[in-house]
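Hello,

Here is the structure we talked about. My notes on the chain contacts follow below it.

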Amino acid sequence: MDILLTLILLLPLAGGVINACFGKRLPRPVPVFIACGAVIGSFLAAVGSFSLAAGDGYRLVLFTWLKSGNFQADVGLLFDPLAAIMTLMVTGVASLIHLYAVGYMEDDSDQVRFFALLNLFVFAMLTIVLADNLLLLFLGWEGVGFCSYGLIGFWYRKSENAAAGRKAFIVTRIGDLFFAVALLWLFALFGTISIEGINAQVAGLDMTTITLLSLLLLVGACGKSAQLPLMSWLPDAMAGPTPVSALIHAATMVTAGVYLLCRMFPLISLSPTAMAAIALVGIATALYAATCALAQNEIKRVLAYSTMSQVGYMFLAVGLGSVSAAMFHLITHAFFKALLFMAAGCVINLAGHENDIRRMGGMRRRSPLVFWLFIAGLLCLAGAPLTSGFFSKDLILATAFAHGDLFHQGLYGLGVVTALLTSFYCFRLAYLVFGGDYRGDELPHEPNGLMLWPLWPLALLGLGGGLLNLPHLFGGDSWLSGWLGREQDVLHLTITSEYLLIGTALAVFALGWLLAALRYRRYVHRPGSVTAEFLLNGWRADELFDLLLVRPFKKIGRFCSQGVEIGLIEGVLSGTVRGCNDLGTRLRGLGAGKVNLYLHGLVWGFVVIVGWFLLRALI
Amino acid sequence: MIVPMEHLLILATLLFVLGLGCVLVRRNLIMILIGVEIMINSVGLVLVGASAFWQQVDGQIMVLILMAITAAEVAIGLALVVYLHQQKKSIDVGIFDEMRG
Amino acid sequence: MIATLMFYLLGAVALGATGMAIIQRNPVYAVIYLVKSIFALALIFYLLGAPLVAALQVIVYAGAIMVLFLFVIMMLEVTPTSAVEATAPGWVQWAPVLFLALTLVALTLILIGLDPLASEGVPRWHASPRDFGYSLFKEYALAVKIISFQLSFAAVGAFHVGMTERKRAQLEDVS
């Protein structure tokens with residue numbers, strides 16, 4: 001049993017390391033086999049050890065990593081229900097994406113580096129999921145940051161890609177700083193960084209400390225999950241290959257923030273201020289991202305903003321106190337968003353490597369299969385009835401509604417508005433890409449078989465995933481809430497309220513579809529309005545950051561490099577050198593054989609010596 | 001009593017310092033030797049003054065011996081100046097810098 | 001009284017003459033001024049009760065050594081227009097020496113001030129040549145012998161060093 005658990009972590013690590021060190025020397029298909037095999041093996045190990053996690057979970061310490069005085073950090077696994085379900089999702093979706101990537105990267109010459117990074121990424125993500133102490137989690141945290149940098153900027157020869165990778169790394173780093181501060185503070189408070197240890201002792205702290213700690217963790221989570229204000233890296237990250245977008249920016253890295261908050265839930269749930277802050281951040285981001293998605297013209301950017309928006313929903317769920325709602329939405333979102341990204345990759349190929357949806361259209365005729373798979377994903381995203389997206393989003397909104405007070409009703413209202421926008425931009429995307437006639441002039445590039453069939457399981461999971469946490473009204477028993485040990489998340493609303501909520505959700509879905517159909521069914525070329533421009537650029541957030549942060553930073557850098565470094569330090573050093581040179585030149589004059597000088601030296605020396613003795617005699 | 005001893009010593013010191021100045025500043029070899037002469041002269045003055053002070057004749061004898069030595073030294077010194085002039089056709093002390101390095 | 005006055009007067013003359021001597025461009029003028037200073041000093045010697053030394057100062061110092069200087073100056077034809085010291089040293093060159101001079105004077109003054117005997121007066125006396133001669137050839141006979149040796153090898157040395165090029169070459173051909 002221990003071996004199985006260890007294998008979950010070790011197989012991706014081994015795959016990544018072998019590919020990184022020896023991949024270039026192995027014959028062509030072998031590195032790919034190693035990579036896929038590693039992840040699939042990890043998934044099978046996760047399936048095998050799933051039963052271990054029931055109830056209280058299973059703990060396994062592999063070895064002690066750091067030990068110094070009071071401080072001890074082991075490499076240990078905490079395989080509790082939360083971790084188990086997350087592991088299963090991560091390894092499962094990652095396996096499918098690896099298979100997809102084999103087809104996608106078929107023609108690329110740098111496959112080995114790609115698959116090595118991908119495997120290492122999975123390893124780092126699993127470290128985050130399975131870690132039993134915060135330091136190991138932080139290691140995985142940084143690991144996913146680094147791997148995502150390497151994967152986003154995979155085609156580094158184009159400088160925009162490298163810049164996007166850099167931006168992602170730097171922005172998430174800012175969040176990581178706050179997380180690190182929280183980590184150190186927790187150690188200072190409790191003397192341990194074990195997650196269970198901390199969660200057990202939080203009850204004794206005062207409210208300010210708890211609130212501050214929670215806010216620090218929130219900022220850390222915002223960085224990784226691309227929430228406000230650390231969200232600007234996610235749209236640019238679409239510069240990476242599509243499997244990367246599918247894995248990192250749909251299913252795994254962006255959900256790491258939510259996962260952290262769920263792990264530390266006993267801590268953050270104690271502070272109502274922090275919970276309100278988390279909920280506000282979530283809903284604000286959801287709304288912001290949904291508005292931006294309305295105006296995007298590249299297919300992957302629509303999906304990126306959509307991810308940002310849905311993760312905002314997950315944050316909202318955590319802020320409302322419902323871990324199972326957050327996890328439920330996380331898992332269903334992973335399914336359909338990965339599906340959407342991979343299908344988008346197929347669509348881009350079908351449109352002849354064209355990204356811009358204004359130059360697509362009529363894709364349905366080019367490949368009905370891709371059309372139906374994409375639609376499946378879009379239906380889940382928009383919350384079509386009985387899809388998994390419907391159930392998970394509805395659970396979140398119902399939890400908001402159930403709180404009853406004005407603040408939460410407001411959150412509910414905003415959530416409904418966002419759902420309307422979501423439905424609208426989903427169908428906008430559908431109509432612009434698949435409807436009507438083809439507007440471009442490229443030849444299709446048929447997607448590989450390998451790019452198509454991993455989409456099927458995801459479509460099935462997406463459509464049927466609602467079974468994971470089916471509410472009582474539909475005949476289910478909320479399995480996920482029970483598994484996670486959070487029966488308190490199961491809502492008990494009146495039948496009327498339940499029907500009201502479902503009705504609102506259906507109405508919003510239909511309204512969005514209708515509006516999108518009205519506007520986009522027949523493509524009309526509209527010149528970009530001011531609002532569209534504003535939304536296209538993400539409310540000009542990038543420019544704001546540039547003004548507030550980047551430019552002053554560059555000024556400081558210029559000052560330090562030119563003012564301090566060149567002026568002061570080099571000035572001092574060069575000045576010293578010049579001074580020494582001058583002194584040396586002058587001293588050289590002494591040895592020039594000038595009799596005059598020698599006479600002077602004689603007399604002066606005499607004066608000095610006599611004066612010295614005289615003064616010594618006097619004083 | 002003619003004069004306090006210190007006045008004599010001050011006069012001798014001033015003469016000595018003038019000779020020293022001549023040695024250090026002038027670049028003509030002959031002038032340097034003249035400076036040396038002035039210095040020796042002032043020493044002679046001190047010796048005579050001392051012999052008068054102690055009322056012993058030894059100081060004067062020393063002055064005589066000093067003069068003899070000075071004569072010898074000047075003779076050889078000026079012969080050297082002649083030699084150097086033969087070598088470099090100049091008696092500027094800045095030219096004789098073979099002692100460098 | 002008169003002696004004191006004479007002393008100061010002669011002291012002033014000596015200082016003035018020496019001062020003029022050291023700033024002359026022409027070495028001949030410098031020598032002449034120096035002779036003047038020597039005369040003044042000789043008179044001071046006489047005042048201090050050393051008539052023989054005063055006479056010897058004039059005969060040997062002014063008469064022989066300074067004349068030797070003049071001989072060599074004339075022989076080497078050092079004139080103010082020659083390349084050597086076309087300009088006499090100016091203020092800048094004298095300044096450090098002035099400082100040095102002041103330091104030395106200060107040191108000497110300190111030393112003099114430390115000695116309690118210094119403020120005593122130099123008494124008037126007179127050392128007759130007879131006493132001088134007695135002391136010279138009785139107590140300092142050895143010194144007389146030695147300096148006569150020295151004078152002879154100084155003469156030999158001066159002769160050898162001061163040879164002309166031709167003469168030197170002739171001698172080397174022979175050896």
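**Where chain B meets chain A**

Chain B puts 13 residues in contact with nine residues of chain A. Please keep in mind that this is a predicted model. About 880 Å² is buried between chain B and chain A. Carbon and sulfur atoms give 67% of that area. Three residues stand out on the chain B side: B:Leu24, B:Val93 and B:Met99. They supply 53% of the area that chain B buries against chain A, more than any other three residues.

Helix α1 of chain B, residues 5-25, gives the largest share of the side that touches chain A, with four residues. By class, that side of chain B has eight nonpolar residues, one polar and four charged.

**Where chain B meets chain C**

Now the other partner of chain B. The contact takes 70 residues from chain B and 80 residues from chain C. Between them, chain B and chain C bury about 6900 Å². Carbon and sulfur atoms carry 79% of it.

How many salt bridges cross the interface of chain B and chain C? The rule finds zero. Polar contacts are present, though: eleven residue pairs, both residues at pLDDT 80 or more.

Four elements of chain B give two or more residues each to the side that touches chain C. They are β1 (3-4), α1, α2 (29-54) and α3 (58-88). The largest share, 24 residues, comes from α3(B). This side of chain B divides into 48 nonpolar, 16 polar and six charged residues.

β1(B) and strand β1 of chain C, residues 121-122, run antiparallel over two bridges. One pairing to look up: B:Val3 has C:Val122 as its bridge partner in β1(C).

**Inside chain A**

Chain A has a hairpin of β1(A) and β2(A). Strand β1 covers residues 58-68 and strand β2 covers residues 71-79. The two strands are antiparallel, and nine bridges join them. A:Arg59 has A:Leu78 as its bridge partner in β2(A). Two residues lie between the strands. In this hairpin, A:Gly69 takes a positive phi near 65°.

Best wishes

Technical notes. Residues numbered from 1 in each chain as written. Chains lettered and ligands numbered in written order. Predicted model: local features only at pLDDT ≥ 70, side-chain atom pairs only at ≥ 80, totals over all residues. Heavy atoms only, no water. Pairing = 2+ DSSP bridges. Contact = heavy atoms within 4.5 Å. Buried area = accessible area lost by both parts, 1.4 Å probe. Nonpolar A, V, L, I, M, F, W, Y, C, P; charged D, E, K, R; others polar. Salt bridge = Lys/Arg side-chain N within 4 Å of Asp/Glu carboxyl O. Polar contact = N/O pair within 3.5 Å; in protein donor to acceptor, adjacent residues only side chain to side chain.
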